[in-house]
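Please keep the sequence and the 3D view at hand while reading.

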Amino acid sequence: MKKNLNLSIVMLSFFCLSLFSFTRSYAQELEEVADVVIEVGKAIDSSCDAKRPEGGFTACKGGECAPAKCISFRSRCDNGECS
Amino acid sequence: MFVIELSKLNLFKGSLIFQTPTFVLICMLSFACSEPSVTNQKLLETSDFSLEIDTVLLEPVQSSQIGSFYLKDNAIFYVDKAYGLVEEFTVEGESNGIRKRELDGPEELQGVSELIPTKDGFIIRHDWSFYQYDSNWEFIGKSIFQSASTVSYQEMMDNPKGEYMEMYELLHYNPKTVELPDGFLAIKLDVEHPIFNAFISREYYRESRVLGRVNPFSGMMVEMLGNRPDTYERYKFIPFHVMLDFHWTKDNSIYVTYEADSMIYVYDQSWKLKETFGAAGIAMKTDYVESQDLDVAFESKYFYHSRKNEGFYKDIFVDEENELVFRTYRQGSDRQDLLDETYNPLRMQIFREGKLLGDFSVPGRFRILGKVGDRYVADGYFDEQNEKQGFYLLNLN
């Protein structure tokens, strides 16, 4: 009986460890995907084409908000401030 | 100014005997304060010539000390960027009054990024907008910088090339726009395409154009000029030293200095190289930190290090009459507490017929704008803490 209980505990621990490892790798993968999405978001403004005649949008350049071409890889600077 | 004086007077409400001398005293003090003052400093003395610099301190109507000076003929204009004001001064430092202010007039000027003197008046550039005025500051028209689409959007995104005009934007840092003899504007360009940029693309260094020729009335860029010299092959990516400065002469020679190159290049208007000359600056820190990826673009730390601590060549001015070329450079600094680029030590070189005549230290924001008589007018002295500002007059004897 005691032997069976020990075996169950070992198996349960193994299962928990596997689950944790799976969750961790899945979370890492999600994080990587999210990073890629953010990078693409940074790179191409979805409404870029429509904005081409107007020139673009305001982006952070060297600590200042400045106009940028709609294809710019820079992030938006809508609130008028850059870090 | 007048409002302040009235409030001062209210403090001394009392007998007429007391009020009268107080009023006279305040008036005298006010006049004394508004007088421009000049300080003089000797920069260099050799057996051939001497250089002196006068600092003409001004009392603008309103000033945040965040601005620049511009020169048109004999008039000097102080542009306060925070207040959006343009005030005219004589070369002696006397104010001729405010000429233009933000949100002024039917054109609703949105701000002032740069003042561009022209043959017929002025152009104010605010971001990518050009506001045109005649010589009496009457509004003529407005245009917005644009370039025609030469290829499909997909082609531009997937397969960028240096000649694709629609990729380019106006360079934001250290801008300079000048009117050319034919009335077009020459303006510095930049490109920040996701895969064609100074951070990750070698093609950017080899192919990207550096100057645009713009029709001020339509805002349309009609031509792009130039590219960077082979010196940029020595580095992989130095995104914060890709800038340049230029001087376009009356006979259409273009003198160019690039930040990472000690040589000065002289081109004709089709960018055919006519001449090079130059000399390396003294004790410059040019061991540039090179970027490896696009993340650098989003870190201001890297940008500030490049501008405050590294050495690079900066501005150029050509005195065509006397065949003199003035070029400034920053030496770089180990100090980590510098507020901005203007504290990175600045020196100036003078060349005649390609030979270096002198190399001397100048104030941190020194930039020659032009000449009035025998003196060179330069931008500018700004002291935010003590609320002082002025322009420089360089005397070469």
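**Neighbouring strands in chain B**

In this predicted model, β8(B) and strand β9 (residues 129-134) of chain B run antiparallel and are paired through 6 bridges.

- A hairpin of 3 residues connects β7(B) to β8(B).

**The nonpolar core**

- In soluble globular proteins, nonpolar side chains tend to be buried together.
- The largest nonpolar core contains 97 residues, and B:Leu115 and B:Ala378 have the most contacts inside it.
- Leaving aside residues up to four places away in sequence, B:Ala378 touches B:Phe366, B:Arg367, B:Ile368, B:Leu369, B:Phe391, B:Tyr392 and B:Leu394.

**Chain B as a whole**

- Chain B comprises 5 helices and 26 strands.
- The radius of gyration of chain B is 23 Å, close to the 21 Å that the globule rule gives for 397 residues, so chain B is as compact as a globular protein of that length.
- Along the principal axes, the C-alpha atoms of chain B fill a box of roughly 80 × 55 × 40 Å.
- Of the 397 residues in chain B, 37% are buried.
- Among contacts in chain B between residues at least 6 apart in sequence, 44% join residues at least 24 apart.
- The domain assignment divides chain B into domain 1 (1-34) and domain 2 (37-396).
- The C-alpha centres of domain 1 and domain 2 of chain B are 44 Å apart.

- Is strand β19 (residues 273-278) of chain B buried or in the open? The number of buried residues among its 6 is 0, so β19(B) lies largely in the open.
- Strand β18 (residues 263-267) of chain B runs antiparallel to β19(B), and 5 bridges join the two.

**A loop residue: B:Ile195**

- B:Ile195 is found in the loop between β13 (185-191) and α4 (202-207) of chain B.
- B:Ile195 counts as partly exposed because it has 15 C-beta neighbours inside 10 Å, whereas a buried residue requires 20 or more.
- Not counting residues up to four places away in sequence, B:Ile195 touches B:Pro160 and B:Ser201.
- B:Ile195 and B:Ala82 are 113 residues apart along the chain, and their C-alpha atoms are separated by 35 Å.

**The contact between chains A and B**

- The contact draws 18 residues from chain A and 20 residues from chain B.
- On the side of chain A that touches chain B, β1 (56-61) and β2 (64-69) of chain A each supply at least two residues.
- The most is given by β2(A), with 4 residues.
- This side of chain A consists of 7 nonpolar, 7 polar and 4 charged residues.

Definitions and conventions. Residues numbered from 1 in each chain as written. Chains lettered and ligands numbered in written order. Predicted model: local features only at pLDDT ≥ 70, side-chain atom pairs only at ≥ 80, totals over all residues. Contact = placed C-beta atoms within 7 Å. Nonpolar A, V, L, I, M, F, W, Y, C, P; charged D, E, K, R; others polar. Rg over C-alpha atoms; globule rule 2.2 N^0.38 Å. Buried ≥ 20, exposed ≤ 12 C-beta atoms within 10 Å, placed from the backbone. Pairing = 2+ DSSP bridges. Core = buried A, V, L, I, M, F, W, Y, C linked by C-beta atoms within 7 Å. Domains from an automatic or database assignment.
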